[in-house]
Amino acid sequence: MSRARQPPLVTGISPKEGAAWTKVTIRGENLGTGPADLIGLSICGHNCLLTAEWMSASKIVCRVGPAKDDKGEIIVTTKSGGLGTSTVSFKLLRPERIGILDQSAVWVDEMNYYDMRTDRNKGISPLSLRPSNPLGIDIDKGKIPQSDMELTFPGMSGDFTSENFSATWYLIENHAGSSFEQLKAAATNLKKQATKKNEGSLAYVKGGLSTFFEAQDALAAIHQRQESDGTERVEGSMTQRLENILNRASDTADTLFQEVLGRKDKADSTRNALNVLQRFKFLFNLPLNIERNIQKGDYDVVINDYEKAKSLFGNTEVPVFKKVYAEVETRIGALRSLLLEKLLQTPSTLHDQKRYIRYLSDLHAPGDPAWQCIYAQHKWILQLMQNCRDEILMGVGALDLEGDTRPLALGRLSHTASLKRGGSLRTPRPSTWRFETPQQVQFVEKLSDVVIGQLPNFWKLWISYVNGSLFSETGEKSGQVEKSKKNARQRQNDFKKMIEELTNRLVKLIRGALLPTTLPQGELNLYGGWENKTELTGAWLTQIIHTVRGCHEALSAMEIPNDLLQVIQDLLLELRVHCLMVTLLHTTEDVKRLAEKEDWVVDNEGITSLPSQFEQCVVQMLQSLKEPLEIKAGEINVRESPLKNCYDNLKHYFGEQRLLIILSNCQYLERRTFLNLADHFEKHGFTGTEKITRVSMEAVRELDRNLFEAYIERRADPIAGSLEPGIYAGYFDWRDCQTPTGVRNYLKEALVSIITVHAEVFTVSRDLVPRVLSKIVESVADEMCRLMQCVSSFSKNGALQARLELCALRDAIGAYLNSESNASFKLALDALPQLHSGADKKLLEELLNKFKSSMQLQLTCFQPSSIQPVKR
């Protein structure tokens, strides 16, 4: 017995609102097993089964009928699941009726009324005088297709003037929703109309009876006179005279009424033209209104009018409308260019940028205005930063920081992180500040102002671009938001490079001013040029460190990723070390010059001022070092061992091969050099060498451990990271794969990468090979274990393929397996279904042998060998 299916559930409908006969797509669950299984579909209480088209168990397409309810649920009924439910609703829109005197923004085809003047010599067709509503009740037209009516009433028609008129057809077509009482009233109206028509014709005949007799008598008298005269169309005859009289009467009538009728025709034409202008004055006045509103800056009004005109006249075929609408499009094109120009102007506020982007989005501007704005802002900020250096070096206005009415960026931070220390980021400046402060300090502070003043808005603009908040409701309906989010995802790396370029430019400019030796020779021309400036003291360097820290704190508060700000942290570390060294050097020189200040005047205790001066000098040094030695979040202690600082530089600036050389040197230091040095110390009579040796070895071991982890990270991560994309390349699926024919290429590529690492290590030091490769293998085995455990299910062939590749990898690198990698391979194999078939086991063994045979040459390096490494 088959298990009963769940009842249908409607979870979505698109669109969610519309007029009658709108085509909608219904989505949900258990919507039937086929077209025959669908037995009921109602929207807002109206049966829509007749127009339903079953697409799948989760999709049905139909048209909404003329339901009485304005809003209601979507109910699906199937044979297999019964009566369903709905979590969404549909809103039925009722079209507004337009009266004969109401203004309308759409074109209405006028009736071809009978013209009594132009066709007065023709007969009047009875069809032209037929009533529009013969029953005299409200017409309620049904929505049954014409084809269905023709099939139901073959050879008949719903037109009451047709010879094959069908009353049933007419009632279904025009009064499907009328009540029985209304139909009874309609029958009464028909009887009254028939009675009135008969009575009216008879009364007309009775009223004109005397005139008819008089005309008949006149015609009879004329006929007798013509017979007695006996001539026709003879000059002077009565017939001729009568014809002349009638012609003169006709000419006189035409003369009398021709002018009146001409004026009426002209008045009617003028009236019709005025009606058209009045009815469609919105469109005809739109180009001028657009121009005026653009001049006033009312862009919202322009956009609303344009959207209205586009919806009404965008597809018009009326020539005059097409001409006016083309002019509207020309004005809108000019507006797009104007808004884009304003958007890319610098400087501009974030509010204005968002406003212009929204306008351009609503106007469907080509391209991506938001990204164009981000790109322009990025270039402008870079130029501002470079201008800070150029203006200082060229002495242009000396960078009038005091004259700038804008609040300084660092000053704006005085209520944030700086207040935690009890003061603002900058102390009040005296009037002579600009002349006393070194130019490097002025430059760094001005540069920080530029970064803190511009980068937050730049970052906020990007965030708005990512989450789609730059667009209006119109943009959301037109799909602009989704398009923006898609573009943002594609351009994340580009924006990350922009932030990196900005932070790197900031760091390089500061390095060029303070640490020129840390820049490559090729960048000194662009960022250097400060050689002739005054060398800074420790106090000024301390102020610069304070400024750079404030800049870093401001950028961190914007939630910019730490990896993008790491260059600023590295700069801060070098500035602190540089400040420490400069301060110590200057203090040493000051102490040396104290002897020159000795005045040999003793006090009551018998001492001179020299000890006090020395104490003051040391105290001042310690006080000036308070800021550089202070450790902020994420910073490194500059008082750590030199070997540790050396490691921080080595791992960033040295390549993998030099790291290996350093690791080899560390081993040699630990095994021989330190022991030899200890022997030398003992030979020369120095005591306490055990502690010196122990501390030195611990420092070297820490350096060795850190460098080894850095090398393993650089080499193991790419190999492990390539496994998952390689496994699932070509939409590979463990649940649906063919019989294995061998090990796939991704595994061979991983082995080749491991072989490359082996060759690199073996070239430098053979002793390092087991240590390095065991860690590489451990990382690869752990990644394979994770990938196998993430697979939900395997087919028979999938399990065989996975076991083949795991066994091939394990056997190939077996010489470098440790306990952790062995455990990872065991967990990975346990996650696979067991092989119970003898044929599968035999196939597995054959494929493993085939792999080892084909890769024999490559895998030779993993075997013990007496080959010595090549020394370079």
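**Exercise 1. Is Arg 331 buried or exposed, or does the residue fall in between?**

Step 1. Start with the cut-offs: buried means under 20% relative accessible area, exposed means over 50%, and partly exposed lies in between (1.4 Å probe, protein chains only).

Step 2. Arg 331 has 25% relative accessibility, so this residue counts as partly exposed.

Step 3. Keep the ground rules in mind, since this is a predicted model: local features need pLDDT of at least 70, side-chain atom pairs count only at pLDDT 80 or more, and totals for chains, interfaces and linings use all residues. Residues are numbered from 1 along each chain as its sequence is written, and side-chain values use heavy atoms, with hydrogens and water left out.

**Exercise 2. Find the salt-bridge partner of Arg 331 and say which elements the pair ties together.**

Step 1. Apply the criterion: a salt bridge is a side-chain nitrogen of Lys or Arg within 4 Å of a carboxyl oxygen of Asp or Glu.

Step 2. Glu 291 meets it with Arg 331, as their closest N and O atoms are 3.5 Å apart.

Step 3. Glu 291 lies in helix α6 (residues 281-296) and Arg 331 in helix α8 (residues 319-344), so the pair ties together parts that are 40 residues apart in sequence. Helices here are DSSP runs of H or I with at least four residues, strands are runs of E with at least two, and both are numbered from the N terminus.

Step 4. Widen the view to the network of salt bridges, which links Glu 291, Glu 327 and Arg 331. The structure holds 22 salt bridges.

**Exercise 3. Describe the salt bridges of Arg 358 with Asp 300 and of Asp 811 with Arg 810.**

Step 1. For Arg 358 and Asp 300, the closest N and O atoms are 3.3 Å apart. This pair links distant parts of the chain, with Arg 358 in helix α9 (residues 350-362) and Asp 300 in helix α7 (residues 299-313), 58 residues apart.

Step 2. Arg 358 counts as partly exposed because its relative accessibility is 23%. Asp 300, at 34%, counts as partly exposed.

Step 3. Now the other pair: the side chains of Asp 811 and Arg 810 meet in a salt bridge at 3.6 Å, N to O. Asp 811 has 34% relative accessibility and so counts as partly exposed; Arg 810 has 28% and counts as partly exposed.

**Exercise 4. Which strands pair with β8, and over how many bridges?**

Step 1. Recall that strands of a sheet pair through backbone hydrogen bonds, either parallel or antiparallel. Two strands count as paired if DSSP finds at least two bridges between them.

Step 2. Strand β4 (residues 38-43) pairs with β8 in the antiparallel sense over 5 bridges, and Ser 42 stands opposite Ile 75 in β8.

Step 3. Strand β11 (residues 89-92) pairs with β8, again antiparallel, over 3 bridges. Here Glu 73 has Ser 89 in β11 as its bridge partner.

Step 4. Strand β9 (residues 82-83) is joined to β8 by 2 bridges and runs antiparallel to it. Thr 78 stands opposite Gly 82 in β9, and a hairpin connects β8 to β9 through 3 residues.

Step 5. Finish with the cover: β8 (residues 71-78) has 6 of its 8 residues buried.

**Exercise 5. What is the strand order of the open sheet of 5 strands, and which strands form its edges?**

Step 1. The order is β6-β7-β3-β1-β10, with mixed pairing.

Step 2. The edges are β6 (53-56) and β10 (85-86), each of which pairs on one side only.

Step 3. Look inside the sheet: β1 (residues 9-14) and β3 (residues 23-29) run antiparallel and are joined by 5 bridges. Ser 14 stands opposite Thr 25 in β3.
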